Amino acid sequence: MSDEQSKDEIKWTMSKARDAFVNFFKENGHTHWPSSPCVPLDDPTLLFINAGMNQYKPLFLGTCDPNNAMSQLKRAANTQKCIRAGGKHNDLEDVGKDVYHHTFFEMLGNWSFGDYFKEEAIDFAWRCLTEVYGLDPSRMYATFFEGNDQAPRDVEAQQLWLKYLPSERVIPCSAKDNFWEMGATGPCGPCTEIHYDRIGNRIVPELVNADLPELIEIWNVVFIQYNRENDGSLRNLPDQHVDTGMGFERLVSILQNVPSNYDTDVFQVLFEKVQQVTNAAPYTGLVGEEDAKNNFRDMAYRVIVDHLRTLSFSIADGALPSNEGRGYVLRRILRRAVRYGRQNLGAELGFFSQLVGTLVDHMGDVFPELVQNQEHIVSVIREEETSFSKTLDRGLAKFSELAADLKAGTKFPSDAVHLLYTTHGFPIDLTELMAEEHNLSVDTVEVEELMEAERQLSRDARDAKLAEAMGGKDMSVTAEQTSYLSTDLGLALTNDDSKYLWSSSSDDVVTGVVKAIYAGRQEGFVDSFGTAGETIGLVLDTTCFYAEAGGQIYDTGSMTYGNGNGNGGTFTVSSVQSYGGYTLHLGTLSEGAPALSVDTTLSLLPDYSRRASIAANHTLTHVLNLSLRNVLCDPRNEAQVEKLTKQGVSDIKQKGSFVDETKLRFDFTFPSSLSEKQLAKVEEICKANIANDLPVFTSVVGLNDGIMDVGALRAVFGEVYPDPVRVVSVGADIAEVMANPQEAKWYDYSVEFCGGTHLKHTGEAGSFVLLGEEGIAKGVRRITAVTGQIAKDCEARGEKLTGEVTECGSLEGSELDQGIKDLTNAINQADISASLKIQLREMLQSYSKKLVAFKKAQEKELASAITMELEGLVTAGDNASTIVLRRDFGINGKLAKQVLTSVGKKFKTANLNFMLLSADADDQKVFVAATSLNTGKDCNAWIKSCTEGLQCRGGGKKDSSQYTVDLSGSSSSVEDVCSEIIAKGNAN
């Protein structure tokens with residue numbers, strides 16, 4: 001955009017371009033479906049949402065919950081927030097080098113779910129570009145898939161395009177460009193791309209896919225008809241779908257007639273803010289050698305504004321920088337931006353977080369989550385930016401160390417690049433640039449192979465674990481299986497209403513009829529199965545087993561069949577999963593059981609005792625969620641809320657949970673660890689809820705029936721809930737809550753959306769103990785707790801330790817010292833209340849003060865004893881004495897120093913080389929200290945010669961040094977090592 005071209009003069013502003021797309025497809029029968037968060041909270045196969053279709057994956061796979069409104073979609077359109085950084089689709093290393101790559105971008109898209117296919121999809125794209133946006137058809141090129149040994153040539157797409165374009169502008173391309181895949185596995189298919197020539201008045205098909213800014217791809221239309229399996233093969237999907245994506249930023253650059261995405265109104269306001277904050281020269285759009293003349297200033301501009309968008313949107317959507325997974329990718333992105341700002345633009349530390357407000361003002365009207373989370377975004381970026389200043393210095397030092405021994409013109413080791421990337425957070429392009437400055441090369445292919453090998457190890461371990469759990473069989477279910485159940489067999493979805501029933505009475509046993517038997521991906525569905533001990537899956541018409549969902553583990557139990565005269569059998573249920581509304585019961589037949597066939601009636605008996613423990617943990621997870629909010633960020637406490645808001649936290653948001661029969665785990669947002677008082681208060685509230693034996697209410701209500709107006713409602717960030725939705729309330733009647741949704745008193749009760757199994761009354765939980773609280777990512781904490789008998793055992797253990805710690809306070813001297821050590825270890829290892837554990841540690845800490853005088857006297861006594869012993873050993877005259885003694889006092893450098901000081905004072909005129917050993921057999925360590933008086937002997941060299949071949953760390957001055965020998969993992973004993981050191985010390 002030229003300097004004189006104001007926003008008011010632009011015919012196609014970014015807002016107008018976005019609205020025109022959505023309106024066109026709404027007029028053509030598409031539902032405007034909102035963008036999902038760019039962080040996929042429920043898809044472990046993706047680091048980030050990298051395409052518009054990701055949120056529709058359950059529809060393509062046939063696993064969408066029929067109660068979810070998405071399951072009713074036939075056509076949809078939107079603008080989707082996307083991030084391509086890390087994983088298969090990764091543009092991170094290209095950002096900044098050219099004028100059209102981004103890690104964050106908007107993807108305009110339209111979708112068909114088993115409705116229209118290639119003909120309509122191509123027609124929609126053509127009309128949108130030529131009629132709505134008025135683009136010149138003579139500048140357009142279309143590509144199609146040329147075919148390979150796995151999939152045929154897309155002749156249909158080729159013929160359809162010849163209706164609109166001459167043959168010289170309809171180009172066959174390889175799978176690299178024209179076969180789309182979401183990831184290593186999942187939906188995929190051939191695609192057709194529309195490319196636009198910015199120059200025009202020429203025919204240049206050879207420039208298509210040449211990675212040139214003047215002829216670029218603007219729209220990709222994917223025809224999803226396959227699923228990529230774990231073994232790499234392709235399977236036909238039961239229904240054909242359409243997924244299209246048009247890069248919003250590229251479209252705007254064409255509509256505004258500017259040479260690149262970065263010259264549009266999408267980015268210009270951000271560049272202006274960068275210039276203001278850094279005082280750098282203005283952005284001029286240079287790349288390559290021309291930009292290099294200015295220290296890659298424009299590249300730095302592009303990196304900074306792109307990465308600002310990626311980080312702000314991902315943090316707003318619930319992600320945080322960390323040391324693993326997507327958090328690690330975000331940390332690298334932030335560090336890359338900060339490095340370019342500081343080294344290329346001369347920015348001061350803290351510049352990056354100052355840019356957030358401008359982005360929020362610029363895009364917050366379309367994406368209100370930016371506005372809602374602005375303080376949080378600023379806080380996270382500011383903290384990470386400050387932390388990286390130290391990391392940057394360490395990384396530069398490590399690079400210099402590695403490069404120092406390399407000759408100019410040689411290769412910088414790929415494993416060293418990998419080390420800098422994974423351990424020090426250095427982007428590969430930074431290492432490449434620094435290597436180039438040292439006249440060294442980087443083999444990026446080899447580096448990528450190392451990265452891929454690391455990723456493959458992770459994938460193999462995950463697959464092996466899954467196969468082991470299923471007896472080595474692949475029991476996964478995708479669209480192929482669910483389509484067979486619904487289309488080929490015509491089965492109704494499993495009726496699982498009975499999963500909320502609790503009865504083991506023979507009069508109330510639920511029965512279900514076998515409708516399908518699944519023997520695994522290899523064998524498929526069978527009519528009968530009789531092999532004992534081999535995993536199979538049963539689909540029934542009705543079930544009372546709970547399938548794993550919502551953070552709650554599945555039910556286990558048994559199913560019986562037969563006539564009761566010895567001809568029956570048992571099917572042991574080990575896992576229960578749900579796929580697209582079909583409940584799959586995984587398990588094995590008992591030895592001697594007759595073959596199980598379709599249409600067999602089974603008596604269903606979940607392990608209700610196990611479920612009771614699970615339900616207790618689940619109900620108390622809800623209570624814990626309530627307790628954390630009311631202790632840490634009570635919305636009724638304005639001062640508390642204001643304090644947290646300044647730290648970038650507006651609420652205590654659930655980030656995940658898991659409950660099984662042994663424990664509950666709850667992840668939530670909070671900027672710091674909880675204090676002992678906060679932990680105790682949270683635990684107290686949970687215990688009070690149990691003591692009050694509150695009733696647990698459940699009700700199924702519509703999302704538009706007023707439940708969303710309840711101020712006290714707790715919901716998981718980013719979760720998509722079915723409509724109607726099940727509501728669980730602990731202590732408050734749901735009808736009363738909905739009748740008066742804004743009453744403050746409801747904040748004292750837990751009200752949540754939940755499809756899990758729960759107690760009838762909180763008193764059934766028995767007890768509650770909060771075992772631990774820890775950080776799992778920046779700004780995310782995790783609490784682990786237990787209920788029932790396990791909690792009571794923890795309480796008893798805590799009472800016993802409390803008594804022992806109290807008694808320890810009456811001890812003196814060495815008994816107190818040993819008592820503190822023993823109890824410290826016992827407390828560290830004990831499963832007891834986290835707040836009690838802190839209290840007991842503080843009690844022991846207070847006892848330690850009593851030890852100070854005792855230890856000082858002990859140290860003085862030891863120093864005096866050694867000095868007296870040496871008086872009879874030191875040789876008078878000019879000859880030097882070499883004396884090596886062992887006196888075990890643990891690994892205590894302070895005491896050793898006191899002894900050496902005392903010896904130095906006593907024998908300051910003597911010629912003495914003295915070495916002192918102390919062994920700690922329990923810790924498998926040996927402490928060695930040495931001093932030389934008037935002999936000139938190098939104590940560092942002396943100790944190293946005596947400990948050669950051992951893992952030894954330490955140091956000091958020439959005349960006085962200390963080292964610790966670590967024998968953990970060594971086959972040598974402490975006694976043997978001490979004898980060897982003494983012998984060498986006397987010999988040297």
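Is Asp 555 buried or exposed? Asp 555 is buried, at 1% relative accessibility, where buried means under 20% relative accessible area, exposed over 50% and partly exposed in between (1.4 Å probe, protein chains only). The model is predicted, so local features need pLDDT of at least 70 and side-chain atom pairs count only at pLDDT 80 or more, while totals for chains, interfaces and linings use all residues. Residues are numbered from 1 along each chain as its sequence is written, and side-chain values use heavy atoms, with hydrogens and water left out.

Asp 555 forms a salt bridge with Arg 611 (2.6 Å, N to O); the term covers a side-chain nitrogen of Lys or Arg within 4 Å of a carboxyl oxygen of Asp or Glu. Because Asp 555 is in the loop between strand E13 (536–540) and strand E14 (557–561) and Arg 611 is in helix H18 (residues 608–632), the pair ties together parts 56 residues apart in sequence. Helices (H or I, at least four residues) and strands (E, at least two) are DSSP runs, numbered from the N terminus. Arg 611 is buried as well, at 0%.

The whole structure has 40 salt bridges. In one of them, Asp 317 meets Lys 81 at 2.8 Å, N to O. Asp 317 lies in the loop between H9 and helix H10 (325–344) and Lys 81 in strand E2 (residues 75–83), 236 residues apart. Asp 317 is buried, with a relative accessible area of 3%, and Lys 81 is buried at 3%. A network of salt bridges links Lys 81, Asp 317 and Glu 369.

The largest nonpolar core has 99 residues, and those touching the most other members include Phe 21, Tyr 133 and Trp 219. Such a core is a set of buried Ala, Val, Leu, Ile, Met, Phe, Trp, Tyr and Cys residues joined through side-chain atoms within 4.5 Å. Helix H9 (residues 297–316) gives the most to this core, eleven residues. A separate core of 57 residues includes Val 573 and Tyr 608.

Grid points are joined across faces, edges and corners, and a volume is the space filled by probe spheres set on the points. The largest cavity holds about 50 Å³. Its lining includes Val 477, Gln 481 and Tyr 518.

Key
1 Å grid on protein atoms, 1.4 Å probe; cavity = no way out; pocket = protein on both sides within 12 Å on 5 of 7 lines; lining within 4 Å.
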